[in-house]
Amino acid sequence: MRVSLLAALCSFLGLLHLFVVYPLVLFLAARRRPNTAPGPMGAAAPLSVSLVCVVHNGAELIGNKIENSLALNYPAHRMEILVVSDGSTDATEAVVGSFQDARVRLVALPTWQGKNRAFNRAVPLCTGDVVVVSDADARLEADALLHLTARFHDPSVGGVCGRRVIAEAAGAFSSAQGRYISLDEKIKQWESRLGRLTSNDGKLYGFRRGLFQALDPAVTDDLFVCLTVISSGFRFVYEGGALAHIPMPSRGFRHELVRRRRIVSRSLRGIWLHRRLLNPFRYGFYAFCLFSNKINRRMMPCYLLVLFAATLFLCADNAGWLWLLAPQAMGLLLAGVFPLVRRGRRVPRPVRKFSGIAFYVLLGALGTLLGMLDAVAGKKVVSWSPVKGGGAP
């Protein structure tokens, strides 16, 4: 019983740290720092920008992406657009070639090499002071680049993360995923006030070109670039005014599982390559933040499994522990019935809502666990076919 009690306590403390302690500590620390983010319109001249978009077989999206980029409220002579066709076999390159604007440049790779290798080929070709990265399915607000680049007038800032906005709230658990994105945005806001993010958003971010280091093929580009900037002694901040409208990231049960597994595996590899940032004697509070938000969060499925197993053992010895088992069993039950009740018109809305949240958490935990196992086993995910259901927003 002592072993079960200790296991349950450790798991509970891990979850408490993840969902209560870290957000609370971060919130209180951020309150002590004023929000000094500049406005988009400053006296300084706009920096030159290279907008990079890597795409593989994205003929249905890339035309809208280029049109959106050309329409941005940014001086034309200070911006170039590099579209990297990563071994596309559809009409992607023909669509890009149909644009006669001198700002649009095509980088065509003969074979499918994976996003990071394609990115490594593109950045040395950029001429802008700032390299801005955006996905093919992200529609940028007109002033997005103005907001993003304004932060770089602070010489201590080496990178800036934009804000994703869900433009298409469709999908099996869009409500649950929307809540997750909102919570992640809050974490970014608080971390940004402290000067350094522990996460980034691949839909829209920028960095000083001189800070670029070649990406490992099997890491998430957004997090790896963020950690590279911080390792170089610069700040990486969040700019909520730089908006990128995107479809719901998850396109279904299987897609969410595969997507989460891939992201976790690749991000953990990136953290391992930048593991010195976890040294609290050198990086202080940032090491605590990186561990809390990126390592401890990945431990959630382990905490949930151990807590459930330990509670079962405790209940077998003493029925008084049913108070701890009951909410866990209810959560599993709600998650289990979600595929049956999600379209049920006679099912009360609160039941569908909480069932969807429970299912999303359970599916995410499973994907995270599989991603952790892939990372430990040394499995590398270099290329994949993105699912962009619904087309461009």
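This is a predicted model: local features need pLDDT of at least 70, side-chain atom pairs count only at pLDDT 80 or more; totals for chains, interfaces and linings use all residues.
Visitor: What makes helix 7 roughly parallel to helix 8?

Guide: Their axes cross at roughly 15 degrees and come within 9 Å of each other. Angles under 35 degrees count as roughly parallel, so helix 7 is roughly parallel to helix 8.

Visitor: Which residues meet there?

Guide: From helix 7 come Leu223, Phe224 and Leu227, and from helix 8 come Ser267, Gly270, Ile271 and Leu273. Sorted by class, this contact of helix 7 with helix 8 has five nonpolar residues, two polar ones and no charged ones.

Visitor: Helix 8 also packs against helix 13. How do you know what to call that arrangement?

Guide: Helix 8 spans residues 253-273 and helix 13 spans residues 349-377; their axes cross at roughly 40 degrees and come within 7 Å. That makes helix 8 oblique to helix 13, because roughly parallel needs an angle under 35 degrees and roughly perpendicular begins at 65. The crossing of helix 8 and helix 13 is right-handed.

Visitor: Which residues make the contact of helix 8 with helix 13?

Guide: Helix 8 brings residues including Phe253, Arg260, Val264 and Ser265, while helix 13 brings, among them, Phe359, Tyr360, Gly364 and Asp374. By class, the contact of helix 8 with helix 13 divides into eleven nonpolar, five polar and four charged residues.

Visitor: Why is helix 11 called oblique to helix 12?

Guide: Helix 11 (residues 300-317) and helix 12 (residues 322-341) have axes 9 Å apart and pack at an angle of about 135 degrees. Roughly perpendicular ends at 115 degrees and roughly antiparallel needs over 145, so helix 11 is oblique to helix 12. Helix 11 passes helix 12 in a left-handed crossing.

Visitor: What makes up the contact of helix 11 with helix 12?

Guide: Among them are Leu304, Phe308 and Cys315 of helix 11, together with Leu322, Gln328 and Leu332 of helix 12. The classes in the contact of helix 11 with helix 12 are nine nonpolar, two polar and no charged residues.

Visitor: Which residues have the most contacts inside the largest nonpolar core?

Guide: They are Val52, Val84, Phe119, Phe207 and Phe236, in a core of 36 residues. Helix 7 (residues 221-231) supplies the largest share of this core, with seven residues. There is also a second, separate core of 34 residues, which includes Leu72, Ala138, Ala144 and Leu204.

Visitor: Now for single residues. Is Ala118 buried or exposed, and how do you know?

Guide: Ala118 has a relative accessible area of 0%. Buried means under 20%, so Ala118 is buried. You will find Ala118 in helix 4 (residues 115-122). Apart from neighbours within four places in sequence, Ala118 is in contact with Val54, Val84, Asp86 and Leu109. Ala118 and Val55 are 63 residues apart in sequence, with 9.1 Å between their C-alpha atoms.

Visitor: Why is Leu194 called partly exposed?

Guide: The relative accessible area of Leu194 is 22%. Leu194 lies in helix 6 (residues 174-194). Not counting residues up to four places away in sequence, Leu194 touches Leu26, Ala29, Ala30, Arg33 and Phe285. From C-alpha to C-alpha, Leu194 and Arg32 are 9.1 Å apart, though 162 residues separate them in sequence.

Visitor: How do you know whether Gly378 is buried, partly exposed or exposed?

Guide: Gly378 has a relative accessible area of 46%. Exposed needs over 50% and buried needs under 20%, so Gly378 is partly exposed. Gly378 is in the segment after helix 13. In space Gly378 and Ser265 are 9.0 Å apart, C-alpha to C-alpha, while in sequence they are 113 residues apart.

How values were computed:
Residues are numbered from 1 along each chain as its sequence is written. Side-chain values use heavy atoms; hydrogens and water are left out. Axes are lines fitted to C-alpha atoms, for helices over the stretch in contact, and angles run from 0 to 180 degrees between N-to-C directions. Helices (H or I, at least four residues) and strands (E, at least two) are DSSP runs, numbered from the N terminus. A crossing is left-handed if the near helix is turned anticlockwise from the far one by less than a right angle, and right-handed if clockwise. Contact means heavy atoms within 4.5 Å. Ala, Val, Leu, Ile, Met, Phe, Trp, Tyr, Cys and Pro count as nonpolar, Asp, Glu, Lys and Arg as charged, and the others, Gly among them, as polar. A nonpolar core is a set of buried Ala, Val, Leu, Ile, Met, Phe, Trp, Tyr and Cys residues joined through side-chain atoms within 4.5 Å. Buried means under 20% relative accessible area, exposed over 50%, partly exposed in between (1.4 Å probe, protein chains only).
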